Amino acid sequence: MEYVKLINCMRCGMCLPVCPTYKETFLETASPRGRVALLRKLQEGELEQSERLLEFLSLCLDCQACASACPCGVNAGELVAEFTCQRKTEKGLGFMEELILRRLVPHPDRLESSMGPLRLYQRSGVQKLVRTLGLLKMFPRPLERMEGLLPELPARPLRQEIQEVTPAAREERGTVGFFLGCVMSLIFSDASRATIKLLSSLGYKVITPRNQLCCGAPNMLGGDLEGMKQDARANVEIFSGYDVDFIVTDCGGCGAELKRYGHHLEDESASAFSAKVRDISQLLALHRDELRTMLKPLELKVTYHDPCHIAHCQGIRAEPRELLKLVPGLTFTELNEADACCGSAGTYNIQRPEMSDRILKRKLDNVRSSDAEVLITSNPGCLLQLKKGLAEQLPQVRIMHLTELLAQSMEGESV
Amino acid sequence: MERSFIKELQTIVGGEYILTDRESLAVYGYDSTPEIESLPAAVLLPGSTDEIIRIMRLCHGAGVTVTPRGSGTNLSGGSLSAGGVVLQSSRLNRLLEIDEENLTATVEPGVITSALHRAVEARDLFYPPDPGSMNISTMGGNVAENSGGLRGLKYGVTADYVMGLETVLADGDLLRSGGKVVKDVAGYSLNPLLVSSEGTLGIFTGITVKLIPKPRGKITMLAHFPLLQDAALAVSAIIAAKVIPATLEFLDKVTIRCVEEYAHVGLPLDVDAVLLIEVDGHPVVIAEEAAAVAELCRKHRCSFFQTAQNPSEALKLTEARRTALSALARLRPTTILEDATVPRSCIAAMLKVIQECAKKYDLVIGTFGHAGDGNLHPTCLTDERDPDEIKRAHAAFEEIFDAAISMGGTITGEHGVGLAKKKYLPRLVGESGIRVMRGIKQAFDPKGILNPGKIF
Ligand SMILES: Cc1cc2nc3c(=O)[nH]c(=O)nc-3n(C[C@H](O)[C@H](O)[C@H](O)COP(=O)(O)OP(=O)(O)OC[C@H]3O[C@@H](n4cnc5c(N)ncnc54)[C@H](O)[C@@H]3O)c2cc1C
Ligand code: SF4
Ligand code: SF4
């Protein structure tokens with residue numbers, strides 16, 4: 001880790017009020033400023049890599065809210081992630097990590113077939129039985145939590161169903177390559193279907209390459225930089241085979257990762273790829289005037305949760321709100337602490353359940369006081385986490401992906 | 001610190017709220033002050049006034065020192081402890097009351113300044129002090145440092161709003177001073193002593209502040225000046241014309257360059273100074289005031305003047321000032337932010353001194369700040385890994401402070417003395433000043449256990 005990145009922190013504390021773990025604990029060790037200081041003192045040899053130090057660092061969500069607030073351009077979340085990644089690289093990938101990160105995750109077909117049994121498990125009614133009997137309590141906690149997070153899976157992943165080329169529904173204005181995130185395809189396929197439909201209605205030909213791989217974010221999370229680069233190279237190669245104006249994704253996590261391919265691979269084609277990447281809200285907002293004429297009324301009270309990967313990592317805040325406000329009849333209320341993490345944060349909700357639940361609760365309390373009927377967001381991790389939270393604590397509020405709501409408004413369906 | 005003593009503290013606050021591990025102590029060894037670190041022996045996060053009373057009784061008995069801390073954002077080393085107890089007040093964060101009949105708010109010390117703003121503004125009331133750190137600074141810290149802010153020129157500083165304090169003294173006794181009454185001449189005025197006491201006289205556990213009606217309107221203006229002298233003259237002229245803007249902020253040439261490079265807000269690089277001016281109050285009055293400001297700026301040869309027509313335009317105009325610190329701080333690893341303050345008629349002279357010092361010591365110093373009240377923030381951009389440059393920075397600031405004193409100004413307008421400015425205080429207040437201050441300290445804390453080593 002570059003020392004200068006650590007001493008750039010002037011300890012002003014501007015990052016404290018936005019850090020979810022500081023807000024919960026008021027502890028300097030659980031603050032961005034504290035985390036940078038721990039890393040710095042580690043590097044200076046004043047502290048050792050003690051269990052406690054690692055524990056303090058691992059409480060970081062890598063939500064990067066601190067980076068948005070920092071006047072000095074310090075990114076505590078990223079520094080902690082870099083440290084974790086480095087440690088894991090030094091240790092080498094374990095057998096399971098190797099299996100999951102290198103062999104399973106990058107290849108959608110393998111990932112999809114591994115989900116087969118789960119789907120069967122849900123459909124056969126065994127899930128219900130298991131849940132009612134509390135059989136999962138017998139499994140280790142992480143497994144139990146993972147199970148609890150899973151909503152009902154679609155019959156088939158979208159990737160297997162979608163045509164590679166969806167023609168523009170009217171006079172063609174351009175071509176977009178659609179980067180279909182793994183979780184979007186496997187779990188939130190309705191939302192990605194809505195995304196494709198919106199793009200096509202606006203006159204885009206949508207190309208969804210069948211052979212695209214995972215964006216590589218899970219590898220980064222698992223400390224596998226090399227694996228991430230392998231995915232990135234393959235994706236750059238695949239998309240360069242098509243003549244597209246933009247590469248669009250409706251997954252905040254994928255978008256953030258894809259935009260950094262240029263940075264990671266340090267080559268021209270990767271930079272060109274990254275320069276074309278847009279979050280779906282960015283592209284839709286370009287056509288706001290047209291959209292306004294196409295949307296039909298929805299009488300709904302709606303609020304919006306900013307996914308960290310969209311607000312903090314990509315700096316996109318205005319577009320999703322603007323798009324929601326285009327829908328006639330819709331009442332938009334701003335969520336208090338809208339851009340605070342929901343506690344999902346990759347696998348954080350499985351690894352640090354207690355803190356994750358505290359952060360989730362705060363988010364849900366804010367949703368409650370917003371008085372909204374529908375919570376909108378646009379990242380699969382947030383969708384999973386919030387869906388579970390709402391079901392347990394606030395069942396009267398529904399959650400939807402931004403594009404689902406917009407597509408429904410375009411159809412004139414009541415939600 | 002002895003284990004048995006730590007055990008006793010533990011029984012007061014509970015195991016979760018006492019930290020003695022190396023890692024925790026290491027990160028409580030700093031605040032926002034550059035270059036100063038000092039390790040405490042324990043950190044406590046009490047949850048009630050009663051716990052604080054018990055902690056103080058215990059520490060007083062054992063002669064253990066106690067340093068109060070809010071969010072640790074002060075710029076003078078005030079919240080650092082050498083081998084004693086740090087007492088962080090963040091958990092005492094309840095907003096106890098907004099009294100709309102008496103126009104007061106009562107808070108616990110851990111309440112964040114901007115949270116108080118939001119709460120009172122929701123009721124059309126106004127708590128003006130707005131330090132740049134208001135999103136994280138605590139009310140306890142604000143009172144202890146007598147913090148100022150952008151609205152200081154028209155509305156004053158924290159001291160102008162503190163009406164009542166509840167303070168735990170060094171021996172654990174509770175002192176109540178002031179209250180909700182507007183007039184009170186019973187005995188010595190203790191509040192002004194306690195405000196800006198930097199944690200050396202007592203620990204605030206309750207704070208009652210004055211509120212005022214929220215101004216009905218605000219007009220934001222921006223002016224560019226090719227010549228520094230003209231900007232300074234414009235400031236004097238505005239005030240002489242009996243217009244008191246809520247905000248009258250200034251950016252110098254170095255800052256302008258940095259802001260433009262970093263944020264591309266459209267500042268020309270050939271101007272010497274930018275003024276951000278905001279007038280607030282009754283819509284009819286501020287329209288007149290804004291017109292007067294515009295005329296005076298033009299008369300003093302501004303090269304550009306804009307009045308915001310709506311809130312989003314206003315936000316745009318304030319962007320340069322808002323990004324000033326970020327833009328400067330990004331340039332080099334180490335940022336030393338000072339707050340020498342002079343009578344406002346001396347602003348131009350002070351700026352000249354700062355520029356000369358930067359040149360003489362071969363430093364980059366960007367200056368921005370509250371031109372209206374003479375409180376400037378010369379900000380030295382340096383690198384702590386370069387000891388020679390750091391030495392030159394200190395030499396430059398020493399000259400700047402001496403100049404401020406000779407102009408009838410002060411070494412610190414709002415950041416406090418703490419450890420960082422201790423050495424300069426005698427030059428400002430003289431031996432008699434120090435003697436009286438020591439006497440006051442003695443009266444409050446004869447054993448000297450509260451935040452020792454600070455101020456003098
Ligand atoms: C980027 C930046 C911008 C800033 N802008 C401004 C500004 O515009 N104006 C300004 O005035 N200051 C400014 N400051 C300085 C600082 O934020 C203020 O001094 C603030 O009041 C400190 O609050 P805190 O909660 O962080 O207190 P701390 O730093 O934790 O403590 C400050 C002092 O108060 C004492 N203290 C804390 N709590 C209590 C208590 N309950 N009882 C008794 N004593 C207590 C401490 O012992 C210490 O001496 C700025 C700082 C930064 C980093
Ligand atoms: S990380 Fe940035 S915001 Fe946080 S204390 Fe350091 S410099 Fe300030
Ligand atoms: S990334 Fe999030 S959790 Fe981690 S330090 Fe930054 S704000 Fe806190």
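A polar contact is a pair of N or O atoms within 3.5 Å; within protein, one atom must be able to donate a hydrogen and the other to accept it, and residues adjacent in sequence count only if both atoms are side-chain atoms. The model is predicted: local features need pLDDT of at least 70 and side-chain atom pairs count only at pLDDT 80 or more, whereas totals for chains, interfaces and linings use all residues. Residues are numbered from 1 along each chain as its sequence is written, chains are lettered from A and ligands numbered from 1 in the order in which they are written, and side-chain values use heavy atoms, with hydrogens and water left out.

**Ligand 1**

- Ligand 1 has 35 residues around it, of which B:P68, B:G70, B:T73, B:S133 and B:T138 come nearest; a residue is near when one of its heavy atoms lies within 4 Å of the molecule or strand concerned.
- The site is shared between chains, because residues from chains A and B surround ligand 1.
- Backbone atoms also take part: a polar backbone atom of B:G78 is 3.2 Å from an oxygen atom of ligand 1, and a polar backbone atom of B:G141 is 3.3 Å from an oxygen atom of ligand 1.

**Interface of chains A and B**

- In chain B, 34 residues are in contact with 34 residues of chain A, contact meaning heavy atoms within 4.5 Å.
- B:E23, B:Y30 and B:I136 supply 21% of the area that chain B buries against chain A, more than any other three residues.
- The two chains bury about 2,700 Å² between them, 58% of it on carbon and sulfur atoms; buried area is the accessible area (1.4 Å probe) that two parts lose on being put together, summed over both.
- Seven salt bridges are counted between chain B and chain A, a salt bridge being a side-chain nitrogen of Lys or Arg within 4 Å of a carboxyl oxygen of Asp or Glu.
- One of the salt bridges pairs A:E48 with B:R22, with the closest N and O atoms 3.9 Å apart.
- Helix 2 (22-27) and helix 12 (324-329) of chain B each supply at least two residues of the side that touches chain A; helices (H or I, at least four residues) and strands (E, at least two) are DSSP runs, numbered from the N terminus.
- Helix 2 of chain B gives the largest share of that side, five residues.
- By class, the side of chain B that touches chain A has 10 nonpolar, 12 polar and 12 charged residues. Here Ala, Val, Leu, Ile, Met, Phe, Trp, Tyr, Cys and Pro count as nonpolar, Asp, Glu, Lys and Arg as charged, and the others, Gly among them, as polar.

**Fold of chain A**

- Chain A has 26 helices and nine strands.
- Of its 415 residues, 57% count as buried; buried means under 20% relative accessible area, exposed over 50%, and partly exposed in between (1.4 Å probe, protein chains only).
- Among contacts in chain A between residues at least 6 apart in sequence, 76% join residues at least 24 apart.
- In helix 22 (residues 318-326) of chain A, the buried residues are A:P320, A:R321, A:L323, A:L324 and A:L326.
- The elements against which these buried residues pack include helix 19 (280-286), strand 6 (301-304) and helix 26 (402-411) of chain A.

**Salt bridges within chains**

- Over all chains the count comes to 53 salt bridges.
- A:R193 and A:E161 form a salt bridge, with the closest N and O atoms 2.6 Å apart. A:R193 lies in helix 13 (residues 189-201) and A:E161 in helix 11 (residues 158-161) of chain A, so the pair ties together parts that are 32 residues apart in sequence.
- A:R362 and A:E337 form a salt bridge at 2.9 Å between the closest N and O atoms. Both residues belong to a network of salt bridges that also links A:K23, A:E24 and A:R358.
- B:E398 and B:K423 meet in a salt bridge (3.5 Å, N to O); B:E398 is partly exposed at 24% relative accessibility, whereas B:K423 is exposed at 52%.

**Surroundings of B:T412**

- B:T412 is found in the loop between helix 14 (387-406) and helix 15 (425-444) of chain B, and is buried, with a relative accessible area of 13%.
- The side chain of B:T412 makes a polar contact with the side chain of B:D339 (2.8 Å), and a polar atom of the B:T412 side chain lies 3.1 Å from the backbone nitrogen of B:H415.
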